[in-house]
Amino acid sequence: MASPALISESEQWKDLKQHVSEIQTTHLRDLMNDVDRCQSMMVEHEGIFLDYSRQRVTKETMGKLFKLAEAAHLKEKIEKMYGGEKINSTENRSVLHVALRAAREKEIYSDGKNVVPEVWQVLDKIKDFSEKVRSGAWIGATGKPLKDVVSVGIGGSFLGPLFVHAALQTDAVAAEYAKGRQLRFLANVDPVDVARSIKDLDPETTLVVVVSKTFTTAETMLNARTLREWISSSLGAGAVAKHMVAVSTNLPLVKDFGIDPANAFAFWDWVGGRYSVCSAVGVLPLSLQYGFSVVEKFLEGARSIDNHFYSAPFESNIPVLVGLLSVWNVTFLGYPARAILPYSQALEKFAPHIQQLSMESNGKGVSIDGTPLPFEAGEIDFGEPGTNGQHSFYQLIHQGRVIPCDFIGAVRSQQPIYLKGEVVSNHDELMSNFFAQPDALAYGKNPDELLRDKVPDHLIPHKTFTGNRPSLSILLPSLSAYDVGQLLAIYEHRIAVQGFVWGINSFDQWGVELGKSLATQVRKQLHASRVEEKPVQGFNFSTTTLLSRFLEVRTPYDGTVLPKNVI
């Protein structure tokens, strides 16, 4: 059977390629003068306001992008995802993170089975368990309540929950529920991260959540064994069952580890790790910290965008619009990167999460059927909260490489402050930059304007801003748990839109496997050299040299868990 045609072979793709030359003759200074155009590029959903008028597009461009979406069968692919079809073809799996936040009465099928009841069984179990821990009904081995939680996981088992935790810490409602409690995350296998994660914590009052679907992830399980030793060396081996729980589907290994399988919380193969924050991976530790009622609002926010993404016409569909604009910027205009710029410190961990979500999903070089792509797909994501970023990398964005930007702001601050005598409140000062930066990027400043400002001739080249640098603005009503859920789902679906149009599989991640495989060989060598004093062999000259240099310092294998000054 013949392979499906690449989207780049379609007439709609070729039409857009030709259209690029028309766009290259325009400047955002002029495009922004067209009020009718600007008005057509503003969309609202439940108080979320998207303004993409500062993108290098015309109404004609958008029409062509919608036609490209039709040629890529975008609507059908969305329906297949929601319908539980195995669109992750390389792993023969459904892609159903939308089921994780579906309403209890919703029906979503995978392999002919409605998965929503199973999801709610786990959610109900999390609610019951988290309320027992928070109320003191569940106590530790010495009879003390557990007030601190360390969640052990890596990648999607860490970045998504950390983003949500950071966003909720300063929300007034969530913060009230979290009083007297701590939530920390241990991801890196670096012992420094272990030391930091348990610094000043007492094993008697600490609960460890081990997050690993298979319970075999090398980094996670080494960290889990390290914390098990931290607990058992202080409280005895029998304490593990009271102080450690699991998010896993491998109950035999959970039991072998010393965790009661009754305290294991399931998730499913149709949930990719980076899409798992709405599963027990995120919901359990977040519910322990903030209470299930707060986390349920987060799930409801994500659900609202799920419904919007599925049903709204493309012209008013926020994830579709931002996804198509990313395809336009990356593949047609040739901008390989995107800056995510939240004007809220509460969103400080948002860019790192989206970095993984986007780059692990769409960092592919072949189509879903294995055909090499003759065009660039995927984008380089990075970001920092404003205004910190303005004093970091905005120089490059304004006068160096063209990097499309996502500006994210909120109408209401989580922590409103107004100092008597100041011209504006702290939040207004922050948002002044949110509104000004997109215009600075779009309009720039030309030599004639600088001359009128009496700038010396020798400084004009240095103070010239070419402008014409695209951005979009997302204005949220606030940053409650509900809003945070909406923001997450917008970006999850945006990434799916890009992959669906490019014709790639956004839901596998084979690119992370090769390094892991090679690390296994190195691990064996380190053990053989440290314990049996065997020479380094079987590697290329460079790696052999580096390993030998590393092994020159003898490390004592004396059973030390952590330096005593850390514990």
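# Legends to close-up views of a predicted model

The protein has 23 helices and 13 strands. The structure shown is a predicted model, and residues are numbered from 1 along the chain.

**Figure 1. Overall view of the predicted protein.** The C-alpha trace spans about 75 × 70 × 60 Å along its principal axes. For 567 residues a compact globule would have a radius of gyration near 24 Å, and the 26 Å of this protein agrees with that. Of the 567 residues, 52% count as buried. Among contacts between residues at least 6 apart in sequence, 74% join residues at least 24 apart.

**Figure 2. Surface and charged side chains.** The accessible surface of the protein comes to about 25,400 Å². Carbon and sulfur atoms account for 54% of this surface. There are 57 positive and 64 negative side chains in the protein. The centres of these two sets lie 4 Å apart.

**Figure 3. Ser-130 in helix α6.** Helix α6 is made up of residues 116–135, and Ser-130 lies in it. The relative accessibility of Ser-130 is 0%, so this residue counts as buried; the cut-off for buried is under 20%. Apart from neighbours within four places in sequence, Ser-130 is in contact with Ser-287, Leu-288 and Phe-292.

**Figure 4. The open sheet of five strands.** The strands follow the order β6-β5-β7-β8-β9, and their pairing is parallel. Strands β6 (182–186) and β9 (264–265) stand at the edges with a single partner strand each, so one side of each is left without a neighbour in the sheet. The partner of β9 in this view is strand β8 (residues 244–247), which is joined to β9 by two bridges and runs parallel to it.

**Figure 5. Strand β12 and its residues.** Strand β12 covers residues 405–410. Six of its six residues are buried, and the strand is mostly covered. Cys-405, Phe-407 and Gly-409 point one way from β12. Asp-406, Ile-408 and Ala-410 point the other way, and the residues of both groups are buried.

Figure 6. Strand β12 with strands β10 and β13. Strand β10 (residues 337–342) runs parallel to β12, and four bridges join the two. In this pair, Ala-339 stands opposite Cys-405 of β12. Strands β12 and β13 also pair in the parallel sense, over six bridges. Here Cys-405 stands opposite Ser-471 in β13, and Asp-406 stands opposite Leu-472 in β13. Strand β13 and its pairing with β2. Five of the six residues of β13 (residues 471–476) are buried, so this strand is largely enclosed by the rest of the structure. Strand β2 (residues 48–51) runs antiparallel to β13 and is joined to it by three bridges. Within this pair, Phe-49 stands opposite Leu-475 in β13. The pairing of β13 with β12, by contrast, is in the parallel sense.

Technical notes
Predicted model: local features only at pLDDT ≥ 70, side-chain atom pairs only at ≥ 80, totals over all residues. Heavy atoms only, no water. Rg over C-alpha atoms; globule rule 2.2 N^0.38 Å. Buried < 20%, exposed > 50% of the residue type's maximum accessible area, 1.4 Å probe, protein only. Contact = heavy atoms within 4.5 Å. Areas by Shrake-Rupley, 256 points an atom, 1.4 Å probe, with all protein chains shown as cover. Lys, Arg positive; Asp, Glu negative; His and termini not counted. Charge placed at Lys NZ, Arg CZ, Asp CG, Glu CD. Pairing = 2+ DSSP bridges.
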